[in-house]
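Please examine the structure shown below together with its sequence. The briefing that follows treats the contact between the chains and then turns to the chain itself.

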Protein chains: 2
Amino acid sequence: MRISALADRTGVPVATIKYYLREGLLPPGEATSRTQATYGDEHVDRVRLVRAMTESAGLSLAAVRDVLAALDDPPRSRHDLLGAAQHALVADEARSDGEVDDVVRRRVGALVAARGWYDDAALAGRLAVLLRDAERAGVPVGDEHLAVLADAAELVARGDLATVPDAPADAARQVVVGTLLTDPVLVVLRRFAQQQASARRADGGQGAV
Amino acid sequence: MRISALADRTGVPVATIKYYLREGLLPPGEATSRTQATYGDEHVDRVRLVRAMTESAGLSLAAVRDVLAALDDPPRSRHDLLGAAQHALVADEARSDGEVDDVVRRRVGALVAARGWYDDAALAGRLAVLLRDAERAGVPVGDEHLAVLADAAELVARGDLATVPDAPADAARQVVVGTLLTDPVLVVLRRFAQQQASARRADGGQGAV
């Protein structure tokens, strides 16, 4: 198909598709003349994937490039695949660093140890920064609240891994892209559930929350 | 304090603080001469808050402005406060719309009804777009997976509301800012928990996930 048909099929403007091509996020089409190329179904898939990662997941182009590399050449272990999804997340956020005091670092270390999680330095650093920022913004995350968030994360993770198919290439897409695209789903569901929890507390006669 | 001291106290560059002032995100200081002003502790708080919302929560300046308006003049009901946090979330994402087919809309409607959630049109629309995008990207969110995410969201929401203080102004900050700043915490914890769940499945002899 021509680039205009690729735009119609995907709902992504021609100018954006040309940008993906220039940035190397989309393999070139098959040249049919000096100025024209033809594209296949694999281009439709890739355009939709890149669009979803930039729009829904809000990834930078650099992070999308990392994710695509992991999909095109899936790591042999699925543990490394999880690493690719994490890398995309953490790399985009690494700008906001600055010093984090030892109290916050120790708190993250204690949580990771208590849960039996793998002590991933990039994730731990990111978590410490987020906790520090929340505290500075006047909304410190208390131990009980953090424990609830961790419980929910463990529940989600078990559900995530139950969805992973056996074929390595499919598993790569599911783990990396599925995780990135369902992060915002979880955030939206949290808002729905907050409204319900608030209404319930009001019903319970304890005053509206 | 002078603007340079405000920058030191907050770790936010002077140029960024001037930008916040121009954009109306920070109230002007008290003028001490035609070109100088002095700032107080309330400016320190506000700069840190704006910084956290743009950096950690990734909000646009327009969304930050909405959140600040809700904090400066808290809605009378806490339900409306939840609405402010939602609005900040949904408004930033509304660009990515396009048509969503009826199948996806019905699926969202069925989930909301089954959970007894309030049928919020903006949240439902956003969720439908996210589910459509995941499907287009080749990683459809199955019913079981969606149910796990919803369970986790309800768990988080109960924990969120347990943290809300009684004083209205504090409640506003906790609900709106606390929710926005812990969204990325939940995302990071999910990555930690995925690594653990993956290792457990590997230990269980079912093959690495």
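Between chain A and chain B an area of about 7,600 Å² is buried, and carbon and sulfur atoms give 68% of it; buried area is the accessible area (1.4 Å probe) that two parts lose on being put together, summed over both. The model is predicted, so that local features need pLDDT of at least 70 and side-chain atom pairs count only at pLDDT 80 or more, whereas totals for chains, interfaces and linings use all residues. Residues are numbered from 1 along each chain as its sequence is written, chains are lettered from A and ligands numbered from 1 in the order in which they are written, and side-chain values use heavy atoms, with hydrogens and water left out.

- Chain A contributes 80 residues to the contact and chain B contributes 80 residues, where contact means heavy atoms within 4.5 Å.
- A:Arg191, A:Phe192 and A:Gln195 supply 10% of the area that chain A buries against chain B, more than any other three residues.

**Salt bridges**

- Six salt bridges are found across the interface of chain A and chain B, and the count over all chains comes to 20; a salt bridge is a side-chain nitrogen of Lys or Arg within 4 Å of a carboxyl oxygen of Asp or Glu.
- B:Arg190 meets A:Asp160 in a salt bridge of 2.9 Å, N to O, a pair that crosses from helix H9 of chain B to helix H8 (residues 143-162) of chain A.
- B:Arg190 and A:Asp183 are both buried, buried meaning under 20% relative accessible area, exposed over 50% and partly exposed in between (1.4 Å probe, protein chains only).
- A network of salt bridges links A:Asp160, A:Asp183, B:Arg190 and B:Arg191.

**Aromatic pairs**

- Over all chains the structure holds two aromatic pairs (rings of Phe, Tyr and Trp, its six-membered ring, with centres within 6.5 Å; planes under 30 degrees apart count as stacked, over 60 as edge-to-face and the rest as tilted).
- The ring centres of A:Trp117 and B:Phe192 are 5.2 Å apart and the planes stand at 15 degrees, so this pair is stacked.
- A:Trp117 lies in the loop between helix H6 (102-115) and helix H7 (121-136) of chain A, and B:Phe192 in helix H9 (residues 168-203) of chain B, so the pair joins two chains.
- Both A:Trp117 and B:Phe192 are buried.

**Chain A as a whole**

- Chain A has nine helices and two strands; these are DSSP runs, with helices (H or I) of at least four residues and strands (E) of at least two, numbered from the N terminus.
- Of the 209 residues in chain A, 51% are buried.
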